[in-house]
Amino acid sequence: MDKLTVAISLIGIGVYLFLQYGVAFEAKPLAFAVHMLLSYGDTAISDFNVNVSVSVIEVPLLVVIVFGGFPLVYQLLAKLLQRDLGADLLAGIAIVTGLLLHEYLAASLVVLMLSGGSVLEAYAVRKASSVLSALAKRMPSIAHRQTAQGLCDIPIEQVGIGDILSILPHEICPVDGTVQQGSSTMDESYLTGEPYLMSKTVGSKVLSGAVNGDSLLVIQADKLAEDSRYAKIMTVMRESEQYKPSIRRLGDQLGAWYAPLAILIALMAWLMSGEIVRFLAVLVIATPCPLLIAIPVTIISSISLAAKREIIIKNPAILETIGQCRTAIFDKTGTLTYGRPVLTQISLAPGQTEANVLTLIASLERYSKHPLANSILTAAAERQLSLLTVTGISELPGVGLLGSVADVSVQITSRKHLLKDYPELETQLPVLQGGLECIVLINQQYAATLQFRDQARSDSSLFINHLKPNHLFAKVMLVSGDRESEVRYLAEQVGIQQVYFSQSPEQKLALVKAETALAKTVFLGDGINDAPALTAATIGIAFGQNSDITGEAADAVIMDSSLLKVDELFHIGERMRGIALQSAVGGMLLSLIGMGFAGLGLLSPVAGAIAQEVIDIFAVLNALRAALPPKVLSDY
């Protein structure tokens with residue numbers, strides 16, 4: 001409805017301006033006569049005629065007021081009955097005032113401003129259905145069930161516990177289950193917070209919503225689709241939408257005192273002078289254009305600036321509030337870390353050298369699809385090692401990667417599989433630590449242990465440690481679905497004291513809701529398991545482009561995976577609020593001065609309307625500054 005009102009207003013005002021200034025048009029008067037009879041039974045109570053004469057040119061403006069203004073005024077009267085005194089209520093009075101004063105253009109402009117503000121609000125509100133739709137769209141609708149006749153595609157709702165299902169390469173797992181045949185990897189990072197591709201072989205557990213790797217897996221369904229992990233996240237998402245904290249807009253806060261004050265001044269001017277024209281003059285100059293136009297212009301300008309910085313603002317209201325948040329809650333994987341394993345340590349057996357071991361295994365790993373292969377190859381490239389010729393390569397579940405590198409037998413396997421075949425080697429292995437590891441055998445002899453960690457971003461510590469002094473955050477928290485050892489390891493690196501690990505989406509949601517009840521919160525995450533928490537926080541920021549679902553749930557999306565962009569978002573929001581306050585409060589103060597002149601009879605309604613337009617121009621010009629990039633948008 002608001003979009004239709006905006007369209008009617010634009011067309012009506014455009015036609016009026018064209019007839020008034022664009023063509024030579026004789027503005028003949030158009031007369032309306034309305035006969036009104038009020039009666040009770042056969043008794044006439046009132047019988048009178050209303051004669052209205054307007055210029056033909058002004059008819060488009062009357063259409064705007066009738067079809068656009070009257071419905072808005074009706075809505076505002078309903079808000080008045082609910083004791084909601086805001087700036088838009090004053091705009092409604094201004095529409096009626098403009099109509100009574102025959103200031104049809106002014107009234108039409110107010111209609112346009114009011115309906116345009118409502119459209120902006122509608123754009124700002126994120127719909128729960130969009131998030132749930134993205135969740136449902138990502139989940140497969142069918143499963144491949146094995147039968148005596150072969151594979152049969154069935155709706156996932158018909159999958160029963162114990163059914164044998166095939167998961168094709170790169171497909172999404174439909175239900176929770178256990179691997180019966182095959183060996184592959186699965187990306188579970190969006191669901192669990194674990195940053196690695198997880199190896200799957202016979203006996204491994206798989207989660208619904210995880211993405212299969214390059215090989216076929218045959219699983220046995222352990223749960224129904226409605227009870228699987230992904231379905232539970234959808235349920236939590238629905239519940240979290242009901243608890244999304246509302247943000248009281250800046251215009252509402254200012255309008256709550258400005259509108260009653262303006263009405264009071266208008267009434268005093270009328271009562272003290274006895275001239276109703278002064279009441280009308282005060283209301284015309286009191287029309288809250290700085291609130292209805294300057295603040296939205298500042299917001300839109302800031303959204304434009306953010307987009308140029310690769311920051312997508314989905315909920316414009318957060319720009320008004322982000323500077324007031326006092327609790328920052330971070331997910332681990334992909335936000336404070338890069339979300340990929342990095343080779344952090346090589347423990348060598350006696351007689352081995354790091355260069356020799358890394359050269360041999362990197363030569364072998366370039367032919368592997370193992371999740372750690374890229375990390376090993378990257379480490380070898382950083383050391384500028386030349387890779388050797390490989391022959392006779394094989395990669396078998398339970399054995400690992402085998403091959404001959406320059407006539408040397410090399411095997412890369414796990415601690416579990418090594419000790420199964422060579423239990424006597426346990427004393428030679430380093431103490432088991434957090435992260436991931438692999439064991440290297442050269443010519444069937446233990447050679448090295450490689451350890452991997454999800455690496456913290458280079459600027460994570462600087463970013464975290466500047467939040468309290470520079471942005472007045474009172475509390476910084478790390479909340480992750482990852483293991484305790486990994487979460488505490490990162491927390492020590494970046495300087496976070498409050499740590500929560502092994503958190504399910506339900507637990508994250510409960511924690512964020514509890515913190516949001518105490519103070520305004522910012523939650524930063526990048527996985528599907530973060531979606532409910534993103535929605536429950538005062539402001540949810542999605543990091544990167546890994547998940548369309550996370551992006552739907554978030555108020556803002558940082559397209560470039562950089563904490564610097566997050567800091568820029570903080571500064572854009574704080575700067576936006578400052579400029580908006582300058583435009584709105586400055587405009588209102590000038591309007592209050594104008595109201596004083598109008599109340600004293602020194603400004604007619606027409607002069608007041610002109611003065612208000614001048615004030616609006618200055619307020620809007622100041623608001624447009626928000627689109628201009630400052631020299632510095634970060635402070636760490």
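Helix axes are lines fitted to C-alpha atoms over the stretch in contact, and angles run from 0 to 180 degrees between N-to-C directions. The exercises below concern a predicted model, in which local features need pLDDT of at least 70, side-chain atom pairs count only at pLDDT 80 or more, and totals for chains, interfaces and linings use all residues. Residues are numbered from 1 along each chain as its sequence is written, and side-chain values use heavy atoms, with hydrogens and water left out.

**Exercise 1.** Determine how H16 and H21 are oriented to each other.

Step 1. Helices are DSSP runs (H or I, at least four residues) and strands likewise (E, at least two), numbered from the N terminus. H16 spans residues 460-471, and H21 spans residues 563-599.

Step 2. The two axes come within 10 Å, with a crossing angle of roughly 20°. H16 is therefore roughly parallel to H21, given that angles under 35 degrees count as roughly parallel, over 145 as roughly antiparallel, 65 to 115 as roughly perpendicular and the rest as oblique.

Step 3. Contact means heavy atoms within 4.5 Å. Among the residues that meet are Phe463 and Leu467 in H16 and Val566 and Phe570 in H21.

**Exercise 2.** Classify the packing of H9 on H21.

Step 1. The axis of H9 (residues 276-286) comes within 8 Å of that of H21, at a crossing angle of roughly 165°.

Step 2. The pair is therefore roughly antiparallel.

Step 3. H9 contributes Arg278, Ala281, Val282, Ile285 and Ala286 to the contact, and H21 contributes Ser591, Gly594, Met595, Ala598 and Gly599.

**Exercise 3.** Classify the pair H13 and H14.

Step 1. Helix H13 (residues 354-365) and helix H14 (residues 373-382) have axes that come within 9 Å and cross at roughly 130°.

Step 2. H13 is therefore oblique to H14.

Step 3. The contact includes Leu358 and Ile361 of H13, together with Ile376 and Leu377 of H14.

**Exercise 4.** Count the salt bridges and locate the one formed by Arg145.

Step 1. A salt bridge is a side-chain nitrogen of Lys or Arg within 4 Å of a carboxyl oxygen of Asp or Glu. The count by this rule is 16.

Step 2. Arg145 pairs with Asp163, their closest N and O atoms being 3.1 Å apart.

Step 3. Arg145 belongs to strand S3 (residues 142-147) and Asp163 to the loop between strand S4 (150-155) and strand S5 (164-167), so the pair ties together parts that are 18 residues apart in sequence.
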